[in-house]
Amino acid sequence: MSRIAAVRVYPIVVPLRRAHRTAHETRADASMALVEVRTDDGIAGYGQVSSTPLKDVCEWVTRFAEVVTGMDALAYVAAWDKLFGLTSPRVDGGGLPRGARPQIMAAIGGIDMALWDIQGKAAGAPVFRLLGAENKPVYTYATGGYYVEGEKLTACADELAGFVANGFTSVKLKTGAASMKDEVARIRATREAIGPGVSLMLDMNAAYDLPACIEFARAVEPYDIVWLEEPLHWYLQPADFARLAQATPIPLAHGEREITRFTARDFIASGAIRYIQFDATRYAGFTEALRVAHIADEHGVMISPHHAPELHCHLVAAFPRTGFAVESHGAPEDSDPVSTGLFAERAQVRDSHVHMNEKPGFGIEVDWDFVKKHGA
Ligand SMILES: [Mg+2]
């Protein structure tokens with residue numbers, strides 16, 4: 001039996017060429033915690049965590065190394081459950097701090113993904129084959145329209161039209177940071193620039209309360225919008241999303257900030273959202289993302305994970321009925337420089353699809369020179 005022999009974490013930080021913001025936050029750099037799990041029979045698996053604060057996430061991975069070392073390296077459910085169990089009260093009083101739950105769930109996710117990579121490598125098969133999926137191209141769309149200081153309001157229109165020129169047939173625009181009038185102007189300009197045949201999603205980064213969001217939705221209805229993503233403030237719940245869904249014909253998307261399957265389940269079961277965007281690289285890993293995908297599939301909700309197309313393509317491929325798409329960056333050198341540089345090998349994005357390779361595990365190779373250069 002193959003056992004977990006070591007867990008290491010490599011923090012990586014790359015400054016953005018131009019700082020940018022969304023409705024939610026300003027970013028000057030991109031970061032990732034690369035998690036490496038090694039087995040006693042010589043397999044190395046890799047997981048990636050895109051959560052912050054990076055230092056805290058890395059500390060939890062290091063702490064959890066002591067917990068999982070010696071466990072069966074193929075028993076990813078056992079490892080996940082053991083770590084998750086530490087987050088609830090225990091008779092010995094050893095429950096982990098509540099305030100650190102997001103970073104703890106992120107760290108669990110990193111180790112979990114490395115164990116999936118190991119599982120594939122041990123079987124000599126890609127992860128999508130472990131799930132019974134075919135090697136077919138997985139649909140992807142391009143995200144852009146981040147707000148850059150000094151840029152004109154409708155710069156996003158040319159930018160997203162450029163993604164279409166590069167082969168994407170769906171694009172997603174960041175919205176919600178400007179006034180509603182200015183946002184409608186950005187969306188109108190973008191729709192005009194990309195033309196009528198291209199799908200347009202709006203990522204609102206939780207910009208509005210319910211009445212304002214209903215007003216926004218009505219204002220953008222003429223522009224043929226595929227979804228409103230994270231439309232409501234962070235504290236609003238499935239019942240609020242259900243009210244929004246009743247007030248607009250535009251489908252809703254949500255899930256990238258949910259840290260377990262249990263809250264994701266409630267959004268899915270509410271009937272309010274048409275797309276679930278649970279992100280294995282932010283929280284809880286591939287095991288939890290797979291559980292969420294099964295819940296979504298049972299409810300006819302479309303699976304469209306946030307970020308990390310090279311990883312989430314394995315998940316979406318396994319759901320031919322409800323696997324909708326993965327997210328790509330339209331200008332990855334600007335908005336996603338870590339993923340752009342980190343992988344010497346990975347699934348390739350072209351023609352609005354992710355094309356998976358047949359390499360075992362997640363089909364990625366780490367460029368260690370990049371890790372050395374940008375190690376934090
Ligand atoms: Mg989003």
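Here are some notes on this predicted model, going from the whole chain down to single residues.

1. Ground rules. Residues are counted from 1 along each chain, in the order its sequence is written. Since the model is predicted, local features need pLDDT of at least 70 and side-chain atom pairs count only at pLDDT 80 or more, while totals for chains, interfaces and linings use all residues.

2. Overall shape. For 376 residues, a compact globule would have a radius of gyration near 21 Å, and the chain agrees with its 20 Å (taken over C-alpha atoms; the globule rule is 2.2 Å times the number of residues to the power 0.38). Along the principal axes, the C-alpha atoms fill a box of roughly 60 × 45 × 40 Å.

3. What's inside. The chain holds 14 helices and 15 strands (DSSP runs numbered from the N terminus: H or I of at least four residues for helices, E of at least two for strands). Buried residues account for 51% of the 376; buried is 20 or more other C-beta atoms within 10 Å of the residue's own, exposed is 12 or fewer, and partly exposed is in between, with C-beta atoms placed from the backbone. Of the contacts between residues at least 6 apart in sequence, 71% join residues at least 24 apart (contact: C-beta atoms, placed from the backbone, within 7 Å).

4. Domain 1 puts 40 residues into the contact and domain 2 puts in 37.

5. Domain 1's side of that contact. The elements giving two or more residues here are strands E1 (4–21), E2 (26–39) and E3 (44–49), plus helices H2 (76–85) and H3 (101–123). H3 gives the most, with 14 residues. By type, this side has 21 nonpolar, twelve polar and seven charged residues (nonpolar: Ala, Val, Leu, Ile, Met, Phe, Trp, Tyr, Cys and Pro; charged: Asp, Glu, Lys and Arg; polar: the others, Gly among them).

6. Helix H1. Just after H1, Gly 70 takes a positive phi of about 95°.

7. Which residues of H1 are buried? They are Leu 54, Val 57, Cys 58, Trp 60, Val 61, Phe 64 and Val 68. These cover an arc of only 160° around the axis, so they sit on the same side of H1 (the arc is that of the directions from the helix axis to the C-beta atoms). Their cover includes E1, E2, E3, H2 and H3. Exposed Lys 55 and Glu 66 are on the face turned away from the buried side.

8. Cys 58. This H1 residue counts as buried because it has 23 C-beta neighbours inside 10 Å. Not counting residues up to four places away in sequence, Cys 58 touches Val 9, Pro 11 and Ala 33.

9. Phe 216. Look for Phe 216 in helix H7 (residues 210–220). With 25 C-beta neighbours inside 10 Å, Phe 216 also counts as buried. Leaving aside neighbours within four places in sequence, Phe 216 is in contact with Met 180 and Tyr 208. From Phe 216 to Asp 336 is 120 residues in sequence and 29 Å in space, C-alpha to C-alpha.

Conventions. Contact = placed C-beta atoms within 7 Å.
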